[in-house]
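Hello,

Here is the structure I promised to pass on. My notes follow below it.

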Amino acid sequence: MLRTRNIVEICRNSVPVRRNLHWSAPVCGEQAKPNAKAPTTMPARSSDPPPNDVELGPLSRPLGVRERPTTVIKTAGQKMRELLDSDVRTAQRRHLIKEATKGYFHDMNMTRRHGGKTWIAPNVLIRDDKALYLPNISGKSLLDKETKNTTEMCFGKVTVLSMLSTKISEIHSQALIEPTYAQFSSDPKFQYVQVNLQENVLKAFLVNLIWASFGQRSQEELQKTYILSSQNVEYIREAIGMTNSKVGYVYLIDENLRIRWAACAEPLPEEVQALESCTGVLLKRIERKGGAKGKPARDSPKPSPLDARS
């Protein structure tokens with residue numbers, strides 16, 4: 001019995017004692033208070049979007065390009081002169097530098113702020129002398145698979161044009177144009193054009209495979225003005241305000257191919273009303289021009305409140 005007790009004592013003394021080490025951060029300056037609470041908020045990362053409490057501003061500039069769009073294909077000589085133009089190369093270099101600083105998920109992260117909305121659409125039309133042109137965008141028609149372009153489709157008519165790239169962009173556009181389409185769809189001078197823009201080659205190929213399903217979901221009159229485009233619009237995105245590829249963009253185009261109104265992302269109630277009102281004003285002006293027999297009618301015979309600069 002005594003021998004067994006000795007063996008137990010020897011084993012107990014041979015087991016190393018485990019000690020717990022407690023580390024504490026060094027305190028600089030004043031002594032830390034015992035009841036001080038740790039900060040509950042983490043500092044914002046540089047990649048995080050600005051908070052939602054930042055108020056959105058109105059559209060601050062006319063959207064579009066200064067050169068009138070054309071369907072004429074540029075010759076090799078014209079393309080070479082553009083490549084040798086120092087101003088063109090400088091603009092392209094600045095654009096590439098700006099895009100290189102963006103992260104891969106930049107557009108997705110920006111949707112966390114106001115749902116990707118970057119401005120509020122104006123309540124009035126952009127003045128005719130300040131408005132810029134819609135660039136030419138071409139693609140395949142949903143109805144007959146023939147190549148069409150926005151320059152020929154929109155000339156001579158008041159056009160509401162939606163730029164689509166994702167399912168959420170379709171929802172945004174539909175919510176915005178639904179009252180306007182219901183009000184003016186029967187007018188022969190009005191049309192609704194949808195451009196499904198897929199710059200990614202693989203995604204464009206997949207959309208082509210399910211192209212028939214788009215026709216089944218669309219009405220016959222909408223199929224005529226629905227096109228699928230894989231055109232590279234990298235250098236005109238900033239000009240037309242398409243800074244986020246995840247949300248929808250809607251443009252009101254007059255009969256001279258100028259962008260007279262624009263909206264982005266999820267529409268506000270006042271934006272829905274503004275689109276309907278501005279579309280009606282443009283259609284009335286076309287009627288007045290058609291009523292003048294052989295006389296060159298001006299765009300606005302009398303000053304209109306909807307011609308105020310946005």
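Is Lys246 buried, partly exposed or exposed? Lys246 is partly exposed, because its relative accessible area is 30%; buried means under 20%, exposed over 50% and partly exposed in between, with a 1.4 Å probe and protein chains only.

Some ground rules. This is a predicted model, where local features need pLDDT of at least 70, side-chain atom pairs count only at pLDDT 80 or more, and totals for chains, interfaces and linings use all residues. Residues are numbered from 1 along each chain as its sequence is written, and side-chain values use heavy atoms, leaving out hydrogens and water.

Back to Lys246. It sits in the loop between strand 5 (226-229) and strand 6 (249-253). Strands are DSSP runs of E, at least two residues; helices are runs of H or I, at least four; both are numbered from the N terminus. Between the C-alpha atoms of Lys246 and Ala265 there are 8.7 Å, with 19 residues separating them along the chain.

The largest nonpolar core has 29 residues. Such a core is a set of buried Ala, Val, Leu, Ile, Met, Phe, Trp, Tyr and Cys residues joined through side-chain atoms within 4.5 Å. Leu161, Met163, Tyr249 and Tyr251 touch the most other members. Elements giving it two or more residues include helix 5 (150-154) and strand 3 (158-164). Another core, of 23 residues, lies apart from it; Leu222 and Trp261 are among its members.

Last, helix 6 (residues 167-184). It has 18 residues. Its buried residues include His172, Leu176 and Tyr181.

Best wishes

Key. The expected span of a helix is 1.5 Å times one less than its number of residues.
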